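The following exercises are to be worked with the sequence and the model at hand. Each task is followed by a solution in steps.

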Amino acid sequence: MGTAIVVGGTGGLGLAVAAHLTARGDEVVVTSRDKARAESAAASLGAGVRGLAVDLAEPSTIAAALAEVTEVDHLVVTATSQVPNTLDAFDVDAAVTAHTIKLVGYAEVVRVLRPHFRPGAAVVLFGGVAADRPYPGSTAVTTHNAGLGGLARSLAVQIAPHRVNVLHPGIVGDSPKWRDMPDHPHVARTPLGRLVTVSEIVDATDFLLRNGGVNAQELYIEGGVLAG
């Protein structure tokens with residue numbers, strides 16, 4: 001148990017991680033760009049969960065937005081922008097926003113909260129399998145997810161002895177984003193013969209938070225699709 005901050009914890013995998021941390025007794029803070037959404041998600045998780053408005057696309061505002069957080073045992077950062085982007089129809093503004101959130105914003109969150117890390121505190125940054133398996137429209141997503149590995153290795157040196165790792169989920173079959181698409185092409189390319197599950201992503205996150213020997217690593221939870 002401890003104090004857990006889930007940035008982007010108001011929906012999808014972030015909300016599932018926040019629910020797990022709440023259920024095991026952590027004091028949890030979830031964030032969203034939108035204050036009302038953050039507070040609604042916090043209320044749905046249970047009494048004592050707090051919701052804060054934090055916009056990683058505006059890094060200069062992050063310190064003030066997180067000012068009331070004074071203790072951190074577990075930090076999970078899942079926020080993202082997945083607007084499709086291709087070279088032929090390159091949206092510069094969308095690309096800048098996506099990279100700002102994932103690289104500058106993630107780094108700034110760690111910088112701001114680091115003084116409040118308690119002994120044994122750990123960080124998990126969420127990427128995605130597009131880092132190694134591009135898809136049409138993933139120009140920005142593939143680039144910034146691949147960049148998270150370098151960011152984690154750099155941060156691991158700078159925030160030592162605290163740990164930081166990257167989790168790269170594959171297509172999560174029972175997540176809100178994909179559960180209505182049972183015949184996703186990755187099923188046929190995955191040695192497991194199925195997509196990974198939300199519970200498997202949550203369990204992997206928990207592993208990275210609690211295992212003190214894992215640091216500056218990238219963990220892929222994708223069922224072996226990259227082997228295909």
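**Exercise 1.** Which residues does aspartate 73 touch, not counting residues up to four places away in sequence?

*Solution.* The model is a predicted one. Begin by placing the residue: aspartate 73 belongs to strand E4, which covers residues 72-77. Next, list its contacts, leaving out residues up to four places away in sequence: Gly2, Thr3, Arg118, Gly120, Ala121 and Ala122. Then examine the polar atoms. A polar atom of the aspartate 73 side chain lies 2.8 Å from the backbone nitrogen of threonine 3, and a polar contact of 3.4 Å links the side chains of aspartate 73 and arginine 118.

**Exercise 2.** Determine whether aspartate 73 is buried or exposed.

*Solution.* The relative accessibility of aspartate 73 is 9%. Buried means under 20%, so aspartate 73 counts as buried.

**Exercise 3.** Describe the packing of H7, and its crossing with H1 in particular.

*Solution.* First, identify the buried residues of H7: Val198, Ile201, Val202, Ala204, Thr205, Asp206, Leu208 and Leu209. These pack against helix H1 (12-23), E4 and the strands E5 (117-126), E6 (163-169) and E7 (218-221). Second, consider the axes of H1 and H7, which come within 10 Å and cross at roughly 60°; H1 is therefore oblique to H7. The crossing is right-handed. Finally, assign the contact: H1 contributes Leu13, Ala16, Val17, His20 and Leu21, and H7 contributes Val198, Ile201, Val202, Thr205, Asp206 and Leu209.

Conventions: Residues numbered from 1 in each chain as written. Predicted model: local features only at pLDDT ≥ 70, side-chain atom pairs only at ≥ 80, totals over all residues. Heavy atoms only, no water. Helix = DSSP H or I, 4+ residues; strand = E, 2+ residues; numbered from the N terminus. Buried < 20%, exposed > 50% of the residue type's maximum accessible area, 1.4 Å probe, protein only. Polar contact = N/O pair within 3.5 Å; in protein donor to acceptor, adjacent residues only side chain to side chain. Contact = heavy atoms within 4.5 Å. Axes fitted to C-alpha atoms, helices over the stretch in contact; angles between N-to-C directions. Parallel < 35°, antiparallel > 145°, perpendicular 65-115°, else oblique. Left-handed = near helix turned anticlockwise from the far one by under 90°.
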